[in-house]
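Subject: Structure handover and notes

Dear colleague,

Please find the structure below, followed by some notes on what was found in it. I would be glad if you could read them with the model open.

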Amino acid sequence: MLPDGYDFGMDKKLRASVITISDAAAAGRAEDLAGPVAVELLEDGGVEVVATKIVPDDVRDISEAVQNMSYDDIDLVFTIGGTGIGPSDYTARAMDPLLRFDIPGIADAIRISDLNSGVSHAMFSRGRAGVMVNGKERTLVVNAAGPVRAVQNALSVLLPILPYAIREIRGERTQN
């Protein structure tokens with residue numbers, strides 16, 4: 001994912017929360033396979049994962065989880081699932097009241113990575129990336145599709161640019 005000894009160039013370790021959005025996993029009818037993979041990849045990439053949660057694919061549950069898990073100096077809320085075009089895929093809609101602005105390039109790059117890895121249905125993903133503002137705190141929110149391969153692709157896109165994105169979100173000067 002990242003080269004050994006990769007330096008984020010940050011004065012503190014980046015902090016993240018991971019939310020899996022799945023009716024079946026939330027009800028205990030299925031195991032969350034992608035959430036633990038996301039945690040492992042984030043931690044291997046030098047990001048401290050401080051909280052995880054599984055919620056059903058419900059607009060209110062998703063919105064509340066994202067908002068609640070963005071407090072306490074969280075840099076990234078990474079969501080998994082609910083990004084498709086099915087009748088119970090509500091993640092994109094749940095972002096509407098939360099995101100101050102979208103960063104479409106991140107979501108587009110994730111879809112392109114999925115397409116390039118052979119996931120042809122990635123073009124149906126409505127996953128978003130954007131910035132949520134809670135008072136003085138600014139948090140990057142990124143939605144990934146639910147399959148493990150989609151999470152791996154999303155994080156292969158996100159991890160290398162995450163330090164730059166967080167510095168920019170914070171208003172810190174960056175060098176190209």
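Predicted model: local features only at pLDDT ≥ 70, side-chain atom pairs only at ≥ 80, totals over all residues.

Residues are numbered from 1 along each chain as its sequence is written, and side-chain values use heavy atoms, with hydrogens and water left out.

Ser117 sits in the loop that joins α5 (104–116) to β5 (129–134); helices (H or I, at least four residues) and strands (E, at least two) are DSSP runs, numbered from the N terminus. A polar atom of the Ser117 side chain lies 2.9 Å from the backbone oxygen of Asp114, which falls under the polar contact cut-off (N or O atoms within 3.5 Å, one able to donate a hydrogen and the other to accept it, with residues adjacent in sequence counted only if both atoms are side-chain atoms). Once neighbours within four places in sequence are left aside, Ser117 is in contact with Arg149 and Asn153, contact meaning heavy atoms within 4.5 Å.

A cavity is a set of points on a 1 Å grid over the protein atoms alone where a 1.4 Å probe fits but cannot get out, and lining residues have an atom within 4 Å of a point. The search of the whole structure finds one cavity of 30 Å³ or more, and the largest cavity holds about 60 Å³ of space, a volume being the space filled by probe spheres set on the points, which are joined across faces, edges and corners. The largest share of this lining, four residues, comes from α5.

The largest nonpolar core has 31 residues, of which Phe78 and Leu140 touch the most other members; such a core is a set of buried Ala, Val, Leu, Ile, Met, Phe, Trp, Tyr and Cys residues joined through side-chain atoms within 4.5 Å. At least two residues of this core come from each of β1, α2, β3, α5, β5, β6 and α6, and α6 gives the most, with nine. A second, separate core of 15 residues includes Val55, Ala65, Leu98 and Met132.

In helix α2 (residues 34–44), the buried residues include Val37, Val39, Leu41 and Leu42, and the buried residues of this helix pack against β1 (15–21), β2 (48–55), β3 (76–80) and α6 (148–170).

Ser63, in helix α3 (residues 59–68), is buried, with a relative accessible area of 11%. The Ser63 side chain reaches the backbone oxygen of Ala94 at 2.9 Å.

Finally, the loop between α3 and β3 contains Asp72 and Asp73. Asp72 has a positive phi of about 65° although it is not a glycine, and phi of Asp73 is near 60°. Asp72 is exposed, at 60% relative accessible area, whereas Asp73 is partly exposed, at 40%.

With best wishes

Methods
Buried < 20%, exposed > 50% of the residue type's maximum accessible area, 1.4 Å probe, protein only. 1 Å grid on protein atoms, 1.4 Å probe; cavity = no way out; pocket = protein on both sides within 12 Å on 5 of 7 lines; lining within 4 Å.
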